Amino acid sequence: MSVGEGLTIRGASALGLPLPASGYARQAYGNVTPDFGPATWLRVAPDGAVTVFAGKVEYGQGIRWGLAMAAAEELGLSPGAVCVVLGDTGRVPWDIGTFGSQSTRHTGVQVRRAAAAAREALLDLAAARLDLPPDQLICHGGHVASQADQSRGLTFAELLAGQEVVREIAAETPLKAASEFSVMGTRTRRVDAVERVTGQAVYAQDVIRPGMLYARVLRPPAYGAQMVSLDDSLARRMPGVVGVVNEGDLIAVLAETDQQADAAHELLASEWTERAGNISQWELPGVLAEAAHNPVTTQEAGDVEAALARARHRLEATYYIPYVPAAPMEPRAAVAEWDGSSLTVWAGTQRPFGIRGELAQFFGMDEAQVRVVAPEIGGGFGSKSLYRPAIEAARLARAAGRPVRVAYTRGEEMAWSTFRPAALITIRSGFDGDGRITAWDYQAVHTTTDRPMIGQRGSETPYAVADARVVVASGVAPLRPGSYRSLGCAVNHFAREVHIDEIAAALGIDPVALRLRNLPDARYRRVLEVAAEAFGWRTAAAPSGKGVGVAIGLDVGSYAAECVAIDVQGKEIAVGRVSSAIDCGLVFNPEGVRAQMEGAIIIGLGPALFEAAEFENGRLLNGSFARYRVPRINQTPAISVALVGSEANPSTGAGEPGIVPIAPAIANALFDRTSKRVRELPLQRQL
Amino acid sequence: MVNLHVNGELRDAADPRRNLLSYLRFDLALTGTKYGCGEGLCGACTVLVDGQPLRSCLATVASVAGGRVTTIEGLATGESLHPVQEAFVEETALQCGYCIPGFIMTAVALLARVPQPDTGQVREALAENMCRCGAYPRIERAVLRAAGCER
């Protein structure tokens, strides 16, 4: 097969697959069918330009930057010299989706290998041309030159002129040792920043196609409502309206402009039958306490009931964490365009290949006839894995015979996206007078219906307990459950880390000391010690009145600890500063990890302090920014981030761990400040 | 017909009731100005009209008739970025970047009014702009850097 002039590096796709049958992605998104490749991961064009191809998407986490740094390191380039093509199913290797903080640890390593393979190929070409052995050559700045005499060299373009070279990525291709890094591990300029500050970056909301129609979809007035009748006669007569599509489960106005579509949508007259028995927000904790199904034991050791019976001290408490919408800045949008029997959809989804499969299945097409392009994505935090506008736009475009844009309003984004599931968690613990935990019984119900994996994540206790039982069950889901930064991990950690604080307070032991007394994992201990030291933690039992709190977390293989200082004024909690530490193994891009930690802490302030979905009778009550408060710049604490990972450990996730400890750390600080123990989020509603 | 200047170019808008944000994004293809909420609450659609920040999602073209509208696309001069844009790049003051045009336009207006703001003034001026990725500390540093008030 000809791949064109220049150097092409091919290798396996579907890294880290097949997934376990019980895995989250398989449960959440159906039967994923991986394409294992081989696919093109890297190209050096005849003019010497380097392009990396990867199936991940960029939704703020900076993966384009990280992958450019990885390739630049192995090829001796600056990151800005590497073009990275992402998320276009027509151009990049198959990928399961951008979630679970997998991008650096799987794709990043594969891109490094691809770039190293390219370097080896260029060294071989130069060795023949310069009549020197490859180990006496250096690849740097777009040249391969003699180490002894760097004026003896050839550019990538000179090496590749008229050649078609194809290499496979091999596991044995040597990667640079961490001690030789000159790009990875250093502070670099984000490669895609200029497009973002000049308005040139194109998001799904920004895609405009020739002849495109603007759609406005009719949504039910409440979850589960069924349409009884529709009168679209007025809407059809409105200026600019091309038609009203009614496919039963998809009704939409199509017009020549967005405003014309909005105006006609207002005139659709519809009657609905609402579902009986909708659960409202205040009923949910009681419902979860009554009815749980599909309990899964995620951790079991010894005999927890016997250990509780003989424990010197016992504590039982119940914690409630409500639903939270992700509320990304960019409401989801898609543009679909048919060309004969082939379909292209621009969609800001975290799962372009998954959405391609869904489109192909719906229309009974071969996947090769469907191309999904994920442009820049204006935030998602997990919620853009499920992505309904793609299929809506494709159906409407088929009906109209013209390209169609479906762009959610803020209200649609809030109400018709997905939510971090709510949970009710009861913990019974036993412990001795020195603060050693001797019994641990953890019973959680998450509103996950058929996706119990969401709630299981992070449920196991990291504290050494001989007799422990952790059971996670599913409960009814009045709102649609979906992914959200760290999934159930932050939810489970809230209950556990507050409970640990309660044990410390019951015994009058410093909460940092109590954690260290029960924590065997050296990496875990180190992040806690580093965060406490950076914070200037002074040993004291809570409540000290100072308003300091601590919590730790483990997610996607990475360890995090956070110490916070707060103040309370009336019903407002002001978080003054956060000292954090993370161990995510070998760090590709330290600025990227710091930004992810800061971002995870700041977004985490919302669900900790004031964010929650309010719903009643099948309606979201706070589905607009007028009714939904989010953290603002003037409430942002001073944040320090310590990177304490060892380069000897493989890279693990950095996007999610930072959100895991923040809510319990603040709840614990609230107790330290006010002596009031709050076991329900968001905290400010309990003041 | 409404006349207005957009990034220095004289434009005729046919429909005076045309929403300014939609006009900029879909009629002029200036998609750097973003839709976030449509209620003037998130700041993603902020443009400058005669130097003053305006939530374009709540405005009609008629309401800015004769005005000089500056969008994010109109800030740089050729290849050279506006100092506020440059500072956002230097401080990596962005993640997904969707809110960033609104922050930059608001910051440009602040610095025109208060050339040497302190941290409190920066925070106050930007408190009505939302960022969900949590780039706030870096945005604050970038605005101070652009003003030559680096901490």
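Two residues are in contact if their C-beta atoms, placed from the backbone, lie within 7 Å. The model is predicted, with local features requiring pLDDT of at least 70 and side-chain atom pairs pLDDT 80 or more, while totals for chains, interfaces and linings use all residues. Residues are numbered from 1 along each chain as its sequence is written, and chains are lettered from A in the order in which they are written.

**View 1. Surroundings of A:Leu254 in the nonpolar core.** The largest nonpolar core holds 263 residues; such a core is a set of buried Ala, Val, Leu, Ile, Met, Phe, Trp, Tyr and Cys residues joined through C-beta atoms within 7 Å. A residue is buried if 20 or more other C-beta atoms, placed from the backbone, lie within 10 Å of its own. A:Leu254 is one of the residues with the most contacts inside the core, together with A:Ala71 and A:Ile666. Beyond its neighbours within four places in sequence, A:Leu254 touches A:Leu213, A:Ala215, A:Val242, A:Gly243, A:Val245, A:Ala261, A:Leu396, A:Ala400 and A:Val404.

**View 2. The open sheet of 7 strands in chain A.** Pairing is mixed, and the strand order is S11-S12-S9-S20-S17-S18-S19. Strands are DSSP runs (E, at least two residues) and helices are runs of H or I of at least four residues, both numbered from the N terminus; two strands pair if DSSP finds at least two bridges between them. Strand S11 (241–246) and strand S19 (370–373) are the edges, each pairing on one side only. Neighbouring strands are turned by 20° against each other on average, direction ignored. Strand S18 (residues 342–347) runs parallel to S19(A), joined by 4 bridges, and A:Thr344 has A:Arg371 as its bridge partner.

**View 3. Helices on that sheet.** Helix H10 (residues 352–363) of chain A lies across S18 and S19, at about 145° to S19(A). Helix H11 (residues 388–400) of chain A also packs on the sheet, touching strands that include S9 (213–217), S12 (251–255) and S20 (404–407), and makes about 40° with the direction of S17(A). Axes are lines fitted to C-alpha atoms, for helices over the stretch in contact, and angles run from 0 to 180 degrees between N-to-C directions.

View 4. Strand S26 (residues 558–569) and strand S27 (residues 572–583) pair in the antiparallel sense over 11 bridges, with A:Ala560 opposite A:Ile582. The hairpin leaves 2 residues between the strands, and A:Gly570 in the turn has a positive phi of about 60°. S27(A) runs parallel to strand S30 (residues 638–643), joined by 6 bridges, and A:Arg577 stands opposite A:Ala638.

**View 5. The side of chain A that touches chain B.** The contact involves 47 residues of chain A and 46 residues of chain B. Helix H5 (193–198), helix H7 (258–266) and helix H17 (590–609) of chain A each supply at least two residues of this side. The largest share, 7 residues, comes from H17(A). By class, this side of chain A has 21 nonpolar, 15 polar and 11 charged residues; Ala, Val, Leu, Ile, Met, Phe, Trp, Tyr, Cys and Pro count as nonpolar, Asp, Glu, Lys and Arg as charged, and the others, Gly among them, as polar.

Key:
A residue is buried if 20 or more other C-beta atoms lie within 10 Å of its own, exposed if 12 or fewer, and partly exposed in between; C-beta atoms are placed from the backbone.
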